[in-house]
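Take a look at the protein below. This report walks through its folds, rings and strands in short steps.

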Amino acid sequence: MKYNIFHTFLFLSLFFATQVFSQREVIDFNNDWKFTLQDNADFSKPESDTSSWNTVDIPHDWAFEKGVSKDGAQGAQGGYFDGGIGWYQKKFDLPELENKLITIDFDGVYMNSEVWVNGHYLAKRPYGYISFRYEISKYIKEGENVIAVRVDNSKEPSARWYHPCGIYAPVRLVITSKTFIKPHGVYLKTPSISKENAIVTVETSLQNDGKSKLKGILEILIVDAEGKTIVENNQKFKSNDVHLQFSNTLKISNPKLWSPDSPYLYKVITRLKVKNKIVDEVQTNLGVRTIEWNTDKGFLLNGEVIKLLGVSEHYEGGPIGGAWNKSLLRWKLALLKEMGVNAIRTAHNPATPMFYDLCDELGLLVMDEIFDGWSRKAEEDYGKQAFDEWWKKDMTEWLLRNRNHPSIVIYSVGNETRGEIAKELVAFCHQLDPDKPVTSGHSASEFMDVYGVNGGSEKQGFFKRARPNKPFVSTEAPHTWQTRGYYRTKSWFRDGYPNKGQEPFELPDLTEKEVFNYEWASSDTWSSGKQHFNSSYDNAMVRITARKNWELMRDLPWFSGHFRWTGFDYYGEASYVHGGWPFRLFMGGALDVAGFKKDLFYFYKSQWTQEPMVHILPHWTHPTVEKGIEIPVWVYSNCDEVELFLNGKSLGKDIPGTKWDEMQCEWMVPYESGELIAKGFMDGKEVVITKQISAETPAQITLQLEEKHIDIESQIAIVTTNLVDSKGVFYPYGENKIHYHLSDNARLLSLENGDPVDTTKNVGVKVKKAFMGSTRAFVKLADNAKKTELITGAILGEKQLLTSKQVRIAVKTINLTGKSLEKKEAVDIYYTLDGSAPTLQSIVYKEPFEIELGTTVKAIVVKNGDVILTMEEKFAKDLGLYWKAEISTYEYANMMMAVDANFSGAEVEAIPQKKQRYLNFKGKQGKISWYQENDGSAGHFTLKIKYASNDLKPKAMKLIVNKKNVGVIDFKTTDSKWQDIEVEQPLNAGANYIELQTIDTNGPKILGLSVK
């Protein structure tokens, strides 16, 4: 960051010294903030000493920057990231600004932010997912000024998934005349749209200083995408009022309509003129389009029925936590668009303003969601801390800010929550934006305009039962999981199969006996039976596959669309589905957190896009699969037919079908190493081809610069490192460390590989291991950087020397500016095998060498006499992927373990032979509280508690569900053996809290709870 330390200070000084303010000026305020992760009331004072603080740029996410730890304050729900209290300070110079209004705008600060200007306290804003601003004119002085911001995340967990910490979204200084257009003061409506004309109503809110009669002109221009003014309107006015409201009607002839396929945007320029001078000006994008939600037909855009091909998406899903800049956010959304996505649900909070701008530009429809809950769901969330006092103010900001965006076609006011407040929330939406309907994620459906259902819409019974007489949308479905590059031929249901409460669709196994035999670690080391990777065959789910869900949505006219859970993997929710530490993220995405495409991405692409494509799964490198074992080979394609070849021999053609289990072309292929080729045909002609080749051990690295969705002028670079064999064939199990050396005119924003169990840091490090053969570097380049080079190095070989003892050392360079050329670097490499640190006198690397298990290879890379990389790689039988002929089934696969719940008064003890832990109260008072998320419908469920007791007298515990005492459970003696006791209990949709509480210091040993 050395390259921009004084950038903002100098820019503001020079800018204000040379400009005469006649209209609005918006100043980027994102560079050169001081930051400390400490708390001291004196930090609000301008004279406080910040010399020891870090210099950071906005967006900034200190939790992501700090990394994860097993005791991270956000817990498993927050992916084991931390919270805390942080302070920011920024100093800037201003000249004398007479009769000017100065406002500071924040797009997002998580959470409980408080702001001071020159020591003057402004206000507090609790909600972490809303924009806000303060008018600071009376506190600003000529010369140096200081803004201080305190951010309080001391109460955790404050969300049910990972949340950012700090000023994670852009900040700007806005300077206007004291007669100005109010924030969000331009409201665009299109009350009438036809092929011939579009009527546009522009409502404008002005504010006058009130000291004298305002005489002026309100000028409104509509400009097309080519920059040509196509219509204008001028309104003269005189007024003594402080607040002025105007409504002007304009007409666009032969309008070009906005849609996902053609996201055409006009620009509305609103100008306030006084004495023929522009006093203020605001530009607003306009997309001309109509929407309709119909009970029988679904969703209509511009009069035509379209399916919502959507994903639910946390803002934090992706490789940089919450600290998105616009270029990286564009990359993320463009990847979803490439998959065929045309809609996004902002689960479960509003996104930053630039998100909606990008959706307008890219053509992505938005279900804009404001709240997760209307009361507490996470222990210390907004619902608990601030909802009752702040919901109306936050909704006002949200609706006024967002209602002009053509991308937004529906609002959502809650997710898997409940409360009579829903009626007020819906009415408030209608009041501020009467043109869009309101829904929720399975919450207070009787008050909603559109019936939104989460996981309940995956159940077989949902399609048999009567629905409300309302339009329907699946707000969160399907729930399926995939780990990139990992395969199982046996089906897996989160809650087991069959599970009557879940009403799952049947899914047969692909083979009678499991074909594949590797895992991230031995199941003997797992702390929960959920701690496995998930198969990429679309056979790991809650109730329904992605394929069956799409078939239903496609074929049922009233089924307007779905928002699958999710687009990208995201940090957090690591326990409920995936069993907790070291799992750090939720694997529901079609892309992982590094943005690598999973097989699921290609399934959707085969169904939702038109450009011919074929995709083979699985890969064709299987070192422990015996020759001749039949492997299910699938090909996703949108071609008429596909032909598969193995080592030049045709295995026949198959036609992609329309039924869910025929959407993939499928062959049972006896395994032999070599080359699988799939050819796609349209109208009998070959139009596309892809291949999978068996790889040998990793021997080289390749570097690839993302150029499809990232413009290098954005000063952002994404570099993929792949591990390949000596012939350049991708090695799909590669897990060697990749080391990075970057030019001084750039910095690493994040290193991410998508590995669910890699708990190493992403920020502030220069090394990251590959996962399933790949990893990525996300780089910020200096402004106007002419040449920026990234040098990467790796010590390559199989971690367990599974098929070869050979080790190689590779170094490659890529230019991040100009032409993205990869080249071998002219460097010297020195290495050791005895554990000692290498020097210039160590062995010179010239060719591959062999080692034995237990060896640690260390190496240095020297360029022009300087050590630029220091590398280390250990090879041992207990490292890397776990390879074994049989992987045992974990006994407690669907259980929520007591030791992972919130508890008090009990001690943790172990079952040695099972490597499992339980809670023992030992005569003390205490309690255990489990969080259970029911993503289906409310109903009656069976609570099964596994316990043990050797006391002849039953040990009684209170059962408390969602704060209600629902009875007493008598735990009878089991002679110290583990047994189950079952209780029938109604549970709510969404969040449930199930608590066992001792009575008279009497409690059994508790292993865990399962819900059926």
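## A tryptophan in a loop

Is W660 buried or exposed? W660 is buried, because its relative accessible area is 15% and buried means under 20% (exposed is over 50%, partly exposed is in between, with a 1.4 Å probe and protein chains only). This is a predicted model, in which local features need pLDDT of at least 70, side-chain atom pairs count only at pLDDT 80 or more, and totals for chains, interfaces and linings use all residues. Residues are numbered from 1 along each chain as its sequence is written, and side-chain values use heavy atoms, with hydrogens and water left out.

W660 is found in the loop between β39 (649-654) and β40 (665-670). Helices (H or I, at least four residues) and strands (E, at least two) are DSSP runs, numbered from the N terminus. What does W660 contact, leaving aside its neighbours within four places in sequence? The partners are E506, L507, T545, R547, K548 and E551. Contact means heavy atoms within 4.5 Å. R547 is 113 residues from W660 in sequence. In space, the two are 4.9 Å apart, C-alpha to C-alpha.

## The whole chain

The protein chain has 9 helices and 68 strands. Its radius of gyration is 30 Å, close to the 31 Å from the globule rule for 1012 residues, so the chain is as compact as a globular protein of that length. That radius is taken over C-alpha atoms, and the globule rule is 2.2 Å times the number of residues to the power 0.38. Along its principal axes, the C-alpha trace spans about 85 × 75 × 70 Å.

Of the 1012 residues, 62% count as buried. The chain exposes about 39,400 Å², and carbon and sulfur atoms supply 47% of it. Accessible areas come from the Shrake-Rupley method with a 1.4 Å probe; for residues, only the protein chains shown count as cover.

## Aromatic rings

A pair of aromatic rings is described by the distance of the centres and the angle of the planes. Rings of Phe, Tyr and Trp (its six-membered ring) pair if their centres lie within 6.5 Å; planes under 30 degrees apart count as stacked, over 60 as edge-to-face and the rest as tilted. By this rule the count is 75 aromatic pairs. One of them joins Y162 and Y571 edge-to-face, at 6.1 Å centre to centre and 80° between the planes. Y162 lies in the loop between β10 (143-153) and β11 (166-167), and Y571 in strand β34 (residues 570-571), so this pair ties together parts 409 residues apart in sequence. Y162 is buried at 0% relative accessibility. Y571 is buried too, also with 0%.

The pair of F463 and W558 is tilted, because the ring centres are 6.4 Å apart and the planes are at 40°. F463 sits in the loop between β28 (451-453) and β29 (472-474), while W558 sits in the loop between α8 (546-555) and β33 (559-565), 95 residues away. F463 is partly exposed at 21%, and W558 is buried at 14%.

## Charges over rings

A charge sits over a ring if NZ of Lys or CZ of Arg is within 6 Å of the ring centre and within 35 degrees of the ring normal. The charged end of K90 sits over the ring of F29, 5.0 Å from its centre. The charged end of K799 sits over the ring of F875, 5.8 Å from its centre.

## A covered helix

How many residues of helix α4 (residues 353-362) are buried? The count is 8 of its 10, and the helix is mostly covered. Among them are F355, Y356 and L358. The buried residues of α4 pack against α3 (326-339), β24 (343-345), β25 (365-369), α6 (387-402) and β26 (408-415). Just after α4, G363 takes a positive phi of about 85°.

## Strands side by side

Strands of a sheet pair through backbone hydrogen bonds, either parallel or antiparallel. Two strands pair if DSSP finds at least two bridges between them. An open sheet of 3 strands has the order β20-β21-β22, with antiparallel pairing. β20 (291-294) and β22 (304-305) stand at the edges, each with a single partner strand, so one side of each has no neighbour in the sheet. β20 pairs with strand β21 (residues 298-301) over 4 bridges.

Strand β41 (residues 675-682) and strand β42 (residues 685-693) are antiparallel, paired over 8 bridges. G680 stands opposite V688 in β42. This hairpin has 2 residues between the strands, and D683 takes a positive phi near 55°.
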